[in-house]
Amino acid sequence: MMTYRALQLYASLSVMLSLSVMLLSSRAWPTEKEVVHAQATKDAAVNYLRSLPYDRKIYVWPIWRRPYEVVADRLNVSSSIKRYKVLRGDLNGLFPAFATAQISVIAADGANWQKDIASALTSSRLLPSYKDFVAKAEVSLNGCTAYKFTSRDTWASVGVILVNELNFRDKDTGALDGCVHAALDYLQGFPTRDGYFDYLTLPDATIRGLVIQATYECAAEGDGTAEPRERTRDGLTPLPSLDCIVAKVAE
């Protein structure tokens, strides 16, 4: 299994290769407009992070690979997840669950929600205790709901995304991606101001990507602590600090 440090090396080599290709192209360097936009994105990410409560806990996953499932795929959520994998690259960590699912995405009919959810859960690979929660879970009026569960108040352990078909069936793929991608980012560790998920209030995907990248860099480095209290086999440490994430984003 590839550790986060190995992933960083792979990413660095990919960047070097891309840079080499750029140098051979007609326009090797970013334009002034692109540089300004990149800096504005960093500034927006830093400002968002500084708006969070200082004691906000940020939960990352202890291992890099996260088994997921899509149940009752009425809206072709599977295609949205494929686009998410492309968007996040090595950061996404998702692979189809063959045993227990740690992340479950359920798209159900809002007109028959309870019946549809009950039917979906019969084929879900979630553990029974989480199925019981999902069967009674409150869902957002905007049709996009996400719940994150933790282990020992230390690590992210299970995530559930509930999508109401009624809210998205007449909209384009961009609307569905807005929900699903934001929810997956939230489950990955993107912090929210009140600890709860509302995809309509989150920064855009580029800003979220910067924050998630920085979050896992801090988790891999142990927040600069010489002896982190815990480190997993994938080289990750828990609860990266906001100070570390802000510093990484601002680099």
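**Reading aromatic pairs and a sheet**

Student: Is Phe149 buried or exposed?

Tutor: Phe149 has 17% relative accessibility, so it counts as buried. Buried means under 20% relative accessible area, exposed over 50%, and partly exposed in between, with a 1.4 Å probe and protein chains only. Phe133 has 30%, so it counts as partly exposed.

Student: What should I know about the model?

Tutor: It is predicted: local features need pLDDT of at least 70 and side-chain atom pairs 80 or more, while totals for chains, interfaces and linings use all residues. Residues are numbered from 1 along each chain as its sequence is written, and side-chain values use heavy atoms, without hydrogens and water.

Student: How do I read an aromatic pair, and how many are there?

Tutor: A pair of aromatic rings is described by the distance of the centres and the angle of the planes. Rings of Phe, Tyr and Trp (its six-membered ring) pair if their centres lie within 6.5 Å; planes under 30 degrees apart are stacked, over 60 edge-to-face, the rest tilted. The count is 7 aromatic pairs. Take Phe133 and Phe149: centres 5.1 Å apart, planes at 90 degrees, so edge-to-face.

Student: Which parts does that pair tie together?

Tutor: Phe133 lies in helix 5 (residues 128–136) and Phe149 in strand 4 (residues 144–151), so the pair ties together parts 16 residues apart in sequence. Helices (H or I, at least four residues) and strands (E, at least two) are DSSP runs, numbered from the N terminus.

Student: Which pair is tilted?

Tutor: Phe168 and Tyr199, at 6.4 Å centre to centre and 50 degrees between the planes. Phe168 is buried at 3%, and Tyr199 is buried at 14%.

Student: Which charge lies over Phe168?

Tutor: A charge sits over a ring if NZ of Lys or CZ of Arg is within 6 Å of the ring centre and within 35 degrees of the ring normal. Lys171 lies over the face of Phe168, 5.6 Å from the ring centre. Arg65 lies over the face of Phe95, at 4.0 Å.

Student: What is the strand order in the sheet?

Tutor: Two strands pair if DSSP finds at least two bridges between them. Here 5 strands form an open sheet, order 2-1-3-5-4, with mixed pairing. Strand 2 (94–96) and strand 4 are the edges, each pairing on one side only.

Student: How do strand 1 and strand 2 pair?

Tutor: Strand 1 (residues 66–71) and strand 2 pair in the parallel sense, over 3 bridges. Arg66 stands opposite Leu94 in strand 2.
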